[in-house]
Amino acid sequence: MQGDRLAVEAWFRRRGLPTVVERGRRGRGVLYRAAPFLAFFTVLDPLLSGLLALLDVPQDAVDVRLDNTGYVIGVLSLTLGALVVPAVGGWLVDKALEHRSERTRLVVAIVFLVLGVVVLPVLEVVTGLGDTLVADIVTYAVLALLVLLFVRVGVGSILGWAVRSAAAQVSSLGTLASRALPLLLLVVMFSFFTGELWQAAERLSRSQLWIVLAFLGVIGALFVLSMLSDELKTLRSGEVQAAPSADLLRATPFAGAELPAERKPLARSERVNIVLVLFLAQLAQIVAFAVLVFVFFVVFGALMIQPEVVTAYAGRASAPGVLFGVRLPVSNALIQVSLFLSVFSGLYFAASTATDVHYRRAFFEPLLDDVARSLAARDIYLAHWADAGSVRTDTLEGKEIPE
């Protein structure tokens, strides 16, 4: 059997399944396992401080500065950086430390902890981005303790996997655009040219629109969770034809092993964990698709719908469009309509992955195959170590465990 116990448990955590690890071993190495998240917040803090410094001015000054191209580029750059750079930084730290020794990972975690708790607050006070040194130190110390707590209970592993899954969806945008977007446009394109939709969207404030979109999002989330729970029961009960063990275990630490004759039933925490992982994976697909639809309709509307047509559709002149405090060169009505259609399209996409054969084969069945692989590895892990009663002292150094 390939891979020691520590490496196998690290493999489960990287796949967002910390509850598979035996309860008594879940707290092992909490500090060094938290290194990617400590790096995330260490990078995020100065970016947010810089962004708040640019935006924390009277509204009149903001309106004047929005006419300054350099100011707009700075705000957009810091906003994009705050959304992307910390996640990429945490992912890079995770990959760099993946096969390092526990001592190396512990040193890196302590370095980020010191940077966040001591160095960054001092630098922010010196540069004027921060006001009170003690308050900043206490804030980051509390945040670091919360990170360690989340890593201890397994939230860190699930969030880390979710970030990696979301990043992987970027590479699948081409598949989403080529397979899902054209068919969906046939469904929602006529709605885009409906005057009643433009009038309703234009007369909603942005906060009211967010409430409507959140309502639709909750409905979609409940549908997806219900569907995933049923899929897990079907998968575990054997109603789905299982692949040969050699195929299931090929990309796991147990390649070449045989599946045990008896499988231990899933604990409630394991069922919740697996459904949550599936939900986050599908949520990443839905969000990526919704963003793609939003960008399409904004660009299409800017090219196709002239200002006088927007006025005719909306029933009144529309104000300049603003999204997250950034003024865009399109009307507010176009942004409102595009936001609504993007969320509606996400709901349609979620329903299609459950009901449409082609959508299911392209976007959902790969997720189920991944879960089946994890469950097969889990069965062998429990059969091999659950009743062993021994704790191995091997480290991760030099171990090659597949992703």
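Reader: Are W198 and Y313 buried or exposed?
Author: This is a predicted model, where local features need pLDDT of at least 70, side-chain atom pairs count only at pLDDT 80 or more, and totals for chains, interfaces and linings use all residues. Residues are numbered from 1 along each chain as its sequence is written, and side-chain values use heavy atoms, with hydrogens and water left out. Buried means under 20% relative accessible area, exposed over 50% and partly exposed in between (1.4 Å probe, protein chains only). For both W198 and Y313, the answer is buried.

Reader: How many aromatic pairs does the structure hold?
Author: Rings of Phe, Tyr and Trp (its six-membered ring) pair if their centres lie within 6.5 Å. By that rule, the number of aromatic pairs in the structure is 12.

Reader: What kind of pair do F193 and F300 make?
Author: Planes under 30 degrees apart count as stacked, over 60 as edge-to-face and the rest as tilted. The ring centres of F193 and F300 are 6.1 Å apart and their planes stand at 85 degrees, so the pair is edge-to-face.

Reader: How many residues apart are F193 and F300?
Author: Helices here are DSSP runs (H or I, at least four residues), numbered from the N terminus. F193 sits in the loop between helix 9 (173–192) and helix 10 (195–202), whereas F300 belongs to helix 13 (residues 268–304). The pair thus joins distant parts of the chain, with a separation of 107 residues.

Reader: What is the relative accessible area of F193?
Author: F193 falls in the partly exposed class. Its relative accessible area is 31%.

Reader: At what angle do the planes of W198 and Y313 lie?
Author: W198 and Y313 form a tilted aromatic pair, 5.6 Å centre to centre. The angle between their planes is 45 degrees.

Reader: Which helix holds Y313?
Author: The pair links distant parts of the chain, 115 residues apart. W198 is in helix 10, while Y313 is in helix 14.

Reader: Which helix gives the most to the lining of the second largest pocket?
Author: A pocket is an open set of points on a 1 Å grid over the protein atoms alone, where a 1.4 Å probe fits, with protein on both sides within 12 Å along at least five of seven lines; lining residues have an atom within 4 Å of a point. The second largest pocket is lined by 34 residues, with R33, P36, F37, G156 and S157 nearest its centre. With 8 residues, the helix that gives the most is helix 8.

Reader: How many residues of helix 1 are buried?
Author: Helix 1 is mostly covered. Among its buried residues are W11 and F12.

Technical notes:
Helices (H or I, at least four residues) and strands (E, at least two) are DSSP runs, numbered from the N terminus.
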